[in-house]
Structure formats: structure tokens, C-alpha cells
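This report sets out selected features of the model shown below. Headings mark the topics in turn.

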Amino acid sequence: MLNNATSLSRSGLRDWLIQRATAIILSAYFIFILVYLFRHPHLTYYEWHALFSNTWVKIFSVMALIAMVLHSWIGLWTISTDYFIARFQGSKAVYIRLAFQGFFALLLLIYLLFGVQILWGVSS
Amino acid sequence: MNLLVQIYRYNPCVHDHPYLQDYSIDFPAETDMMVLDLLHLIQETQDETLSFRRSCREGVCGSDGMNINGVNGLACIMPLSQVVKKNKLVLRPLPGMPVVRDLVVDMALFYKQYEKIQPYLINDQPIPVQERLQTPEDREKLDGLYECILCACCSTACPSFWWNPEKYIGPAGLLQSYRFLADSRDTAKKERLSNLSDPFSVFRCRGILNCVNVCPKGLNPAKAIGHIRHLLLEEST
Ligand code: SF4
Ligand code: SF4
Ligand code: FES
């Protein structure tokens with residue numbers, strides 16, 4: 001039997017709300033970046049560097065990064081509990097599911113740590 | 001007019017695998033009938049071993065839900081003229097359910113989910129002398145909910161129910177759940193909602209809307225699910 005031990009918040013409502021909120025942050029971030037790119041058609045390294053030196057941009061980027069990690073985890077957890085279940089893979093399902101969840105948990109953690117390091121490493 | 005009917009056949013005691021059996025039927029041109037009448041015709045004239053469920057033959061009992069040319073519906077109210085494509089009709093049991101025989105499926109899990117939502121009025125107030133009254137406005141809130149005949153066409157068209165029929169209540173059960181949540185006479189709203197708050201019971205609905213497309217009674221389970229989500233939100237924020 002599946003349970004919710006590996007779900008983000010163990011509450012359907014909370015996961016659902018986090019999924020929505022992070023989606024809004026991510027869309028806002030991508031719109032921000034797209035608008036910026038549109039307004040700087042001949043972008044140079046120095047302009048790009050200046051953008052990410054701004055503390056607010058750093059905060060916004062880290063927020064978007066965290067949102068991406070949470071959003072992905074909820075989605076991937078849902079996929080793993082839809083498709084890697086005893087009905088499909090029998091008693092092996094739990095190992096496949098754990099491997100899948102473990103792989104992506106690790107990957108997302110690496111993204112997060114690397115991302116924060118890179119963003120915060122930009123000298124102002 | 002010649003019609004090719006392909007029907008899913010499976011008798012676990014006899015067959016190793018399910019298969020599609022062809023039946024060919026000649027009609028005078030312009031004949032129309034319900035899919036259920038066609039099944040009876042085949043059973044009476046060609047193959048008496050063909051098994052299917054039916055009772056009311058007028059869209060009221062919900063026992064002849066099946067997959068008709070790829071879409072779930074009630075055989076008794078689905079006219080051939082609406083579903084036959086290129087003189088061909090394919091009939092299969094409701095998808096994702098264990099098959100008992102031919103078009104007859106095991107509905108145990110579907111009913112288990114229905115049972116989970118406590119499909120009855122719960123009221124802890126003293127029993128009134130005559131009856132529990134409701135204003136016409138409150139009664140109106142149950143329209144579009146009470147009409148469900150539990151045919152399972154919606155739940156067995158829902159991918160989320162296919163993957164997790166043990167944990168996801170499914171559109172039929174959730175529509176019924178909202179029918180009691182919306183009832184002004186019911187006093188167990190809190191308890192009902194707390195039973196639905198895990199990540200599976202309600203939140204496995206991913207808004208695919210297959211349920212709305214197939215309901216033979218024209219009901220909208222996805223809308224009811226949205227209302228439940230809203231109630232959960234109100235309750236816990
Ligand atoms: S909601 Fe519609 S499709 Fe679903 S069980 Fe009820 S009547 Fe059937
Ligand atoms: S809207 Fe929800 S309940 Fe309806 S078919 Fe889609 S996932 Fe299933
Ligand atoms: S036979 Fe009763 S609904 Fe079709």
C-alpha cells in the first residue's frame with residue numbers, strides 16, 4: 001500500500017497550494033527574464049552580470065529556484081505514485097518508486113545547492 | 001446495411017486471454033436502435049453465451065455502463081446512429097476494472113470508494129417530530145448531484161482512478177461526497193472534509209475532465225471536485 005511519507009507536506013491541500021503558488025512564482029520569473037531579454041536584444045556579458053549583481057534579482061532567482069525544486073518534487077512524487085505501483089510492477093514497485101524518488105530528490109538538491117552557490121557567487 | 005460488431009469476450013474459466021469477437025448483422029437501411037437492443041439481438045440470434053449486465057433499459061439503474069467505440073456510456077440510451085462509425089461498432093467492458101466475464105466487470109473497488117465517503121445523511125441534532133426541513137434554495141444546491149446513478153462511466157474513464165483505484169475516490173464518489181457536503185441538513189461537514197484531506201482521496205484529480213465528457217446523465221463531477229477543494233481550503237486556512 002502506498003502512503004504519504006515521501007510526499008512534500010503529507011497534506012493533499014498543502015501540496016496542491018504549494019504547487020499553485022510555486023507555479024505563479026515560476027511564471028513571474030520567466031516573464032521577468034523574457035521581458036529583460038526582449039529589451040536587451042544585443043545583450044553583453046556586462047549587462048547580464050549587472051542584472052544578476054542586483055540583490056533583488058538574486059533573491060528573486062533563488063525564490064524561483066526553490067519554487068522549481070518544490071514544484072518538481074510534488075509533480076515527480078505524483079508521477080511515481082501513479083505509475084510505479086504494485087498493480088503494474090508487483091512487489092518490485094516499491095523499489096522502483098524509491099529509486100525514482102531518491103534519484104530526483106538528489107538531483108533537485110544538487111540543483112538547489114549549485115544554484116544558490118552560483119547566484120550568490122556573482123560579485124556585486 | 002451491414003454492421004460489423006466487435007465485442008470483447010473473456011471467460012476466465014475457459015479462455016487464456018481476452019479477445020475481440022466479430023459479429024456481422026444485416027439491417028434494413030435506416031434502422032436505428034439502442035446499443036443494448038443490439039446486444040440482445042446478438043444474444044438471441046447469434047450467441048447466447050454473450051454476457052452483459054442490464055436492468056432498467058432506460059438509463060435509470062446504471063448497470064449497463066460499457067465502453068462503446070472507445071467512449072464510456074450506457075448501452076440502453078446510446079443509439080447506434082450516434083456511435084457507429086464506418087459501419088463498425090466496438091464494445092468493451094468499462095476500462096481498468098477487473099473483468100468477471102465479457103462485458104461484466106467487478107465493481108467492488110468502485111463501491112468501496114463510494115462507501116468511504118459515507119453516502120448518507122449524518123445529523124446529530126434531535127430527530128424532529130415529522131421531517132427535516134430544507135428551504136427551496138438549499139434544496140436547489142443538490143441539483144446536478146443527486147441525479148447520479150453510480151454507473152461508473154466517469155470513474156472508469158479517469159486515468160487517476162485507473163492508476164490508484166484503492167486510494168483515489170474517483171469522480172463518482174466525489175460527486176456523491178459533495179452531494180452530502182452541500183446538504184444543509186448534514187452536520188458532519190468537518191469530519192467528511194478531514195477524511196478527504198490526504199494527497200490521494202481528492203487531490204489525485206488532475207483536471208483531465210474525462211469524467212465530464214462521458215457522464216450519461218450530463219453531470220459535472222469535476223465541478224463538484226472543485227467545490228470540495230474550495231471547502232477544504234476554507235476549512236483549513
Ligand atoms: S456522475 Fe455520471 S457517469 Fe459518474 S457514476 Fe454518476 S451518473 Fe455515472
Ligand atoms: S477531472 Fe478529475 S475526476 Fe474527472 S476525469 Fe479528470 S482527473 Fe478524473
Ligand atoms: S439498463 Fe439501466 S441504465 Fe441501462
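## Nonpolar surface patch

In this predicted model, Trp56(A), Ile59(A), Met63(A), Val116(A) and Trp120(A) make a nonpolar surface patch of about 540 Å². Patch members have over 30% relative accessible area and no salt bridge, and nonpolar side chains (Val, Leu, Ile, Met, Phe, Trp, Tyr) are joined within 5 Å; accessible areas come from the Shrake-Rupley method with a 1.4 Å probe, only the protein chains shown counting as cover for residues.

Helix H3 (55–83) and helix H5 (93–121) of chain A each supply at least two residues of the nonpolar patch. H3(A) gives the largest share, three residues, and Met63(A) is found in this helix. Helices are DSSP runs (H or I, at least four residues) numbered from the N terminus.

The space taken by ligand 2 is the largest cavity. A cavity is a set of points, on a 1 Å grid over the protein atoms alone, where a 1.4 Å probe fits but cannot get out; a molecule sits in one if more than half of its atoms lie within 2 Å of its grid points.

The shell (residues with a heavy atom within 4 Å) includes Cys158(B), Tyr168(B), Arg206(B), Asn210(B) and Ile225(B). By class, the shell around ligand 2 has nine nonpolar, two polar and one charged residues; Ala, Val, Leu, Ile, Met, Phe, Trp, Tyr, Cys and Pro count as nonpolar, Asp, Glu, Lys and Arg as charged, and the others as polar. Helix H8 (210–214) and helix H9 (221–236) of chain B each contribute at least two of the shell residues.

Ligand 1 takes up the space of the second largest cavity. Among the residues around ligand 1 are Cys148(B), Cys151(B), Leu175(B), Cys215(B) and Lys217(B). This shell has eleven nonpolar, no polar and one charged residues.

## Salt bridges

Ten salt bridges are found over all chains, each a side-chain nitrogen of Lys or Arg within 4 Å of a carboxyl oxygen of Asp or Glu. Among them, Asp138(B) pairs with Lys141(B), the closest N and O atoms being 3.0 Å apart, and Asp143(B) pairs with Arg139(B) at 2.8 Å.

## Conventions

Residues are numbered from 1 along each chain as its sequence is written, chains are lettered from A and ligands numbered from 1 in the order in which they are written. Local features need pLDDT of at least 70, side-chain atom pairs count only at pLDDT 80 or more, and totals for chains, interfaces and linings use all residues, while side-chain values use heavy atoms, with hydrogens and water left out.

Notes. On a 1 Å grid over the protein atoms alone, a cavity is a set of points where a 1.4 Å probe fits but cannot get out, and a pocket is an open set with protein on both sides within 12 Å along at least five of seven lines; lining residues have an atom within 4 Å of a point. Patches are made of residues with over 30% relative accessible area and no salt bridge: like charges are joined within 9 Å, nonpolar side chains (Val, Leu, Ile, Met, Phe, Trp, Tyr) within 5 Å.
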